[in-house]
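Subject: Structure handover

Hello,

Please find the structure below, with its sequence. My notes on it come after.

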Amino acid sequence: MGRTSRRWKIAVPLVSLALVGTWVHVSYNTNVLGDDELCGGLVSARAAEAAFSRTGRVSDDGDAAPRPGEAAFDCWLDNTSALPGSPDLEMHLYTTRDRGDEAFTGGGPEQAAVTYFSDPAGGVEKDRKAWVWLPPSCLDGESVRVNVSLMSREGSADRVGLAALAVDAANRLMDHTKCDADRLKAPPGIGATPMERDADARRLCGVPGFSLPAGSTGQARKIREIAPASPGPLWTCFVALEHDQDDDSGDRDPGSGFATYSVVQDPVVIGGIKQSKGYSEESPIDGWAVTGFDATHVVATCEGKETYFAMEIGTQQLRSWDDPAAPRDAQQFRSFVEKVGPSFGCTGVVGGR
């Protein structure tokens, strides 16, 4: 037998092994041989794979097909990989029906540490969660959000991929419900997560002239805040007083802070707010030409643009009320709107009708 024949016999098993290895990789680490669509057709396998931010086979857990015409679904995705040391990952895709400003209520540092985007309207929370609002024309009542959450503690998701997956699922849900609104476009990039920083006591949240009253802060204390680098159509700022050495409340209410402030000028979110239960065209504040839910969640018209203002009280502000001279929430909210309004093109926000 010649040398060439022996080489051929050796090469055949090597080629076979390579083919087997390729088949294993394609079968267990990709969706090439799997389903292109998941969750009853509401999720693209390719979009889900990009959100998981790693090679792996993506599958859905059970039958999550939505009911005909219904703008709701709940689906779990699994990402499995045959690569050594690759744990299984799990992602949850679901819709929520809630008050249109739900993302801006509750307050706290987590609310402020969201990177919001507009057109379409949505947000990304660190590298774990993203959501997008459906257009108001697709709603029959409460606001609808399509949410994507990485549930596994291991690893992290791709922030741009999370937003794109939420947008893709929202578009498919709109098709499913035959909503004729314009299709949503995934944002090409996602800004950095707002980080906690030392605040300028006379320029809180980057707003000139905005400060906390001495009657609320007591002795001079450093103020910390979480706010975006620059204001946008969806804006939130969390403000907290640095704890005194003698303050033992930190362990009981970590991160609750003094207050969380929000401003929204995105028409999709505003539209959802105005369709929500509890929203009234009657002003909740005497003398203010506004509409809204209550005295700290209102919609004003600023240079022809509807603008939502909100304030959530933290426990530090609540404790300040032990001093009778400390301003109450209505006064704090009025000060916030008067100071932040001009930076959003708002003048004459307060005053009589």
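Predicted model: local features only at pLDDT ≥ 70, side-chain atom pairs only at ≥ 80, totals over all residues.

Residues are numbered from 1 along each chain as its sequence is written, and side-chain values use heavy atoms, with hydrogens and water left out.

The chain as a whole

The chain has 8 helices and 16 strands; helices (H or I, at least four residues) and strands (E, at least two) are DSSP runs, numbered from the N terminus. It has 353 residues, and 46% of them count as buried. Buried means under 20% relative accessible area, exposed means over 50%, and partly exposed lies in between, with a 1.4 Å probe and protein chains only. The accessible surface of the chain is about 17,500 Å², and carbon and sulfur atoms account for 50% of that. These areas come from the Shrake-Rupley method with a 1.4 Å probe; for residues, only the protein chains shown count as cover. Of the contacts between residues at least 6 apart in sequence, 62% join residues at least 24 apart, where contact means heavy atoms within 4.5 Å.

Helix 2 and helix 4

Helix 2 (residues 45-52) packs against helix 4 (residues 159-176) at an angle of about 155 degrees, and their axes are 7 Å apart. Axes are lines fitted to C-alpha atoms, for helices over the stretch in contact, and angles run from 0 to 180 degrees between N-to-C directions. The two helices are therefore roughly antiparallel; the cut-offs are under 35 degrees for roughly parallel, over 145 for roughly antiparallel and 65 to 115 for roughly perpendicular, with the rest oblique. Helix 2 contributes Ala-47, Ala-48, Ala-50 and Ala-51 to the contact, and helix 4 contributes Gly-161, Leu-162, Leu-165 and Asp-168. These residues divide into 6 nonpolar, 1 polar and 1 charged. Here Ala, Val, Leu, Ile, Met, Phe, Trp, Tyr, Cys and Pro count as nonpolar, Asp, Glu, Lys and Arg as charged, and the others, Gly among them, as polar.

Backbone details in loops

The peptide bond from Asp-119 to Pro-120 is cis, with omega near 5 degrees. Pro-120 sits in the loop between strand 6 (114-117) and strand 7 (122-125).

Lys-126 is not a glycine, yet has a positive phi of about 55 degrees. Its loop runs between strand 7 and strand 8 (129-133), and Lys-126 is partly exposed at 45% relative accessibility.

Cys-205 also has a positive phi, near 60 degrees. It lies in the loop between strand 10 (196-198) and helix 5 (214-217), and is buried, with a relative accessible area of 6%.

Val-290, in the loop between helix 6 (267-274) and strand 14 (291-294), is buried at 2% relative accessibility. Its C-alpha atom is 4.7 Å from that of Ala-300, which is 10 residues away along the chain.

Lys-129

Lys-129 belongs to strand 8 and is partly exposed, with a relative accessible area of 23%. Beyond its neighbours within four places in sequence, Lys-129 is in contact with Tyr-94, Gly-123, Val-124, Asn-147, Val-148, Ser-149 and Leu-162. From C-alpha to C-alpha, Lys-129 is 9.4 Å from His-92, and the two are 37 residues apart in sequence.

Regards
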